[in-house]
Amino acid sequence: MTDHVTTHQAAEDARNEEIKIWLNGRVVPKAEAMVSVYDSGFMLGDGVWEGLRLYDGHWAFLDEHMDRLFEAAKAIDLDIGMDKAGVIAALEATRAANEMTTDAHARLMVTRGVKTRPFQHPSLSQQGPTFTIIMEHSKPSIPRPIRLATVPHIRGLPMTQDPKLNSHSKLNCILACIAAEKAGADEALMLDINGFVNTTNACNFFIVRKGAVWTSTGDYCMNGITRQKVIDVCRADGIPVYERNYSLVDAYGADEAFLTGTFGAQTPVSEIDGRPIGSGEMGEMTKHIRGLYKDLVAQDALP
């Protein structure tokens, strides 16, 4: 199969060629947004990031995203160099410079900064953090449901690299994605250390069985904000929702499956390891949850 799609596929937008990017306190044209080859992020993947979406002038669930960014920075002992209000001000300055009002995606990235020598020790990063915000006009445009393939790569234990950490070190997930594409799928379905269904290489994963929504325990996956919002709206709407261990047998027999993430919200899955899921199209429960999530985004924007 050659018609691969990705969970971050967006409609082409020529305006993105002229975007402005926040870089260390300045908003600069895209062509000028460059960092040193000595930067800790480029050299070692030493940094953290956060993704946000702009809906009708409002950054959805901004407080939760700021909390996650600062928690990640604290976990790797990285001083961002500004407080949450300062980060939000930088985000708004970048949005204003790009005249964006809706259907925009922001990626905030903070690294330990430029190193004095090309080696690992964090003490070699002595110039302060590198902080950048890439903001693009971005309307999800996924032409069909996603095909998944199970891969041997797993999300591991917290004492190796905690899967809850939104770090720049994404090679494990990239290798998983490559393996899935080699198998003819779009994205990788990753198991946990015990062989239970966990997450994909880029998104959190849900199935629907007999009117109930299932997802992993959360022990080995990214602490997804959209994931939690889906759990919340299901509970509020009276939909049975379970965070539990379950196997590929349960996933193959699901009535529906979908992915969650900041970019695409809820993305339907058509097949897993060549096995069709439900009708192969977006299911009624997924549509309903999409509506509930859209209402929650609108509610979050209220003063």
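Q: What radius of gyration does the chain have, and what would a compact globule have?
A: The radius of gyration is taken over C-alpha atoms, and the globule rule is 2.2 Å times the number of residues to the power 0.38. For 303 residues the rule gives a value near 19 Å, and the chain has 19 Å, so the two agree. The C-alpha atoms fill a box of roughly 55 × 40 × 35 Å along the principal axes.

Q: What kind of model is this?
A: This is a predicted model, where local features need pLDDT of at least 70, side-chain atom pairs count only at pLDDT 80 or more, and totals for chains, interfaces and linings use all residues. Residues are numbered from 1 along each chain as its sequence is written, and side-chain values use heavy atoms, with hydrogens and water left out.

Q: How many of the residues count as buried?
A: Buried means under 20% relative accessible area (1.4 Å probe, protein chains only). Of the 303 residues, 49% are buried.

Q: What share of the contacts joins residues 24 or more positions apart?
A: A contact means heavy atoms within 4.5 Å. Among contacts with a separation of 6 or more, such pairs account for 72%.

Q: Which secondary structure elements does the chain have?
A: Helices (H or I, at least four residues) and strands (E, at least two) are DSSP runs. The chain has eight helices and 15 strands.

Notes:
Buried < 20%, exposed > 50% of the residue type's maximum accessible area, 1.4 Å probe, protein only.
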